[in-house]
Amino acid sequence: MEKLQDLANRLRINCIQATEASKSGHPTSCSSMAEIMSVLFFHTMRYKVSAPRDPSSDRFILSKGHAAPILYAAWAEAGLFPANELLNLRKIDSDLEGHPTPRLNFVDVGTGSLGQGLSVAAGMAYVGKNFDKANYRVYCLIGDGEAAEGSIWEALHFSSYYKLDNLCAIFDINRLGQSEPTSLQHNMEVYRKRLEAFGFNALVVDGHDVEELAKAFHEAQNTKGRPTAILAKTFKGKYFPNIEDLENWHGKPLGNKANEVIQHLTGMLKNAGPLGLHPQKPLVDDAPVVDISNVKLASPPSYKLGEQVATRVAYGTALAKLAKSNPRVIALDGDTKNSTYAEKIKTVDPARFIEGFIAEQNVVGVAIGTACRDRTIAFVSAFATFFTRAFDQVKHKNIYQKNQDIILNFKFRNFFYLLTPHFLFTICPEEAINSYGCYFTNKCKFRWFSLRCFDR
Ligand SMILES: Cc1ncc(C[n+]2csc(CCOP(=O)(O)OP(=O)(O)O)c2C)c(N)n1
């Protein structure tokens, strides 16, 4: 435990040095979660440093993406890359950006627009439990300011409804947001009651006590039938003298205070030299081998010339045919499956449909999570007008996950502004063939294609 505490302080030092080198970043946001990271990465999680996207390994999503330096520092300490690389933070030619992106082989999803990570984590956990049926667990770290986002609560609802006991949501409750204290500050009991009410096993812990954290993670691993939320009471800028728990330090390197703080942290270290802490590998490599490269229609389109078929019907028909040809084709919808015809996939395999209920932001986030590490090809449908509220999730996916495909199917019209490569939109009721068109474009690499838009 002493070594884990030392490691937490080393992570703090790394973050200060990196943000000093870049003259930007969020060292105080990193500091509040340092013990959480050291316990997770060097005690609790099971993963392979040699294969960061190994399918059987535990997953970690940093939903408060602005704390990227501590994520980078944890992987550097784990041995993935040399620690001096951290000094390239935010440089134009470095992939160590201010927020994590999947260009890094240890990042599954881009985060930074707050409120999105837990949905993605829930999608991964859903796949782990229901499709992979493997032992890996999914951890997601959320800021307390971030927890004001409605999408977080959509994801909490989804996760407990589907009994995702392989999911652990960690709330870094450091009392402060960007410009002022959060609405609940350190009112841990309110957090606990809310998380309990949302169906979680809610554990309040001292987020700077490595032993308490390790015990809570252990309890989470052994809790069946519901996900666990670890509500960690922390302090922003922990162990930074004259900065800890103070306002106006969000998103600022420490500047002329950096040396003094580093000296203070160095003085706290109990062990000089290598700590000898190594991540644990997965106990078993039990995630099945999955092939999503060979997705085609089980039988060719059989429309008659001149026949009028609504696009959504064609979508459902095509979806079912695709699902028949590949067991990893899945569909999600937000309680409109009988209008979008997504429910047709159930004729092939009812288990391959995920009802997301009327929570479109979460539905899109979950879909992104299900498709991470190439575990599934996810088709998402809803009425176009309701997809607009998931615009940010769509945007993030488009910017950061160019090589990962999720397919959105809109019923109704006029959503050109969402068109970007690697998304398929079927928006023209007359063009029933559109839903098929995608399968002929470059095999599994779906791309947008001909779109005419007119009303029926
Ligand atoms: C959706 C969204 N709104 C606003 C921001 C700008 N922003 C970045 S960090 C932050 C404060 C986050 O507070 P919290 O979640 O408590 O994290 P921490 O205090 O640990 O930095 C804000 C408002 C953002 N990144 N995303």
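Which residue caps the N-terminal end of H8? Please go on from there to the rest of the helix and to the cysteines.

Reply: This is a predicted model. The N-terminal cap of H8 is Asp 209. One of the side-chain oxygens of Asp 209 lies 3.0 Å from the backbone nitrogen of Glu 211.

H8 itself runs over residues 210–221, which makes 12 residues. From first C-alpha to last, H8 reaches 17 Å, close to the 16 Å expected at 1.5 Å a residue.

Six names make up the buried set of H8: Val 210, Leu 213, Ala 214, Ala 216, Phe 217 and Ala 220. These residues lie on the same side of H8, because the arc they cover around the axis is only 165°. The partners they pack against include two helices, H1 (2–22) and H3 (34–44). Strands also take part in this packing: S2 (138–143), S3 (167–173), S4 (201–206) and S5 (228–233).

On the cysteines, the count of disulfides is 0, with a pair of sulfur atoms required to be within 2.5 Å. Cys 140 is in no disulfide, and the nearest cysteine sulfur to its own belongs to Cys 168, 9.5 Å away. Cys 168 is likewise in no disulfide, with the sulfur of Cys 140 as its nearest, at 9.5 Å. Cys 140 counts as buried because its relative accessibility is 0%. Cys 168 is also buried, since its relative accessible area is 0%.

Technical notes. Residues are numbered from 1 along each chain as its sequence is written. This is a predicted model: local features need pLDDT of at least 70, side-chain atom pairs count only at pLDDT 80 or more; totals for chains, interfaces and linings use all residues. Side-chain values use heavy atoms; hydrogens and water are left out. Helices (H or I, at least four residues) and strands (E, at least two) are DSSP runs, numbered from the N terminus. The expected span of a helix is 1.5 Å times one less than its number of residues. Buried means under 20% relative accessible area, exposed over 50%, partly exposed in between (1.4 Å probe, protein chains only). The arc is that of the directions from the helix axis to the C-beta atoms. Contact means heavy atoms within 4.5 Å. A polar contact is a pair of N or O atoms within 3.5 Å; within protein, one must be able to donate a hydrogen and the other to accept it, and residues adjacent in sequence count only if both atoms are side-chain atoms.
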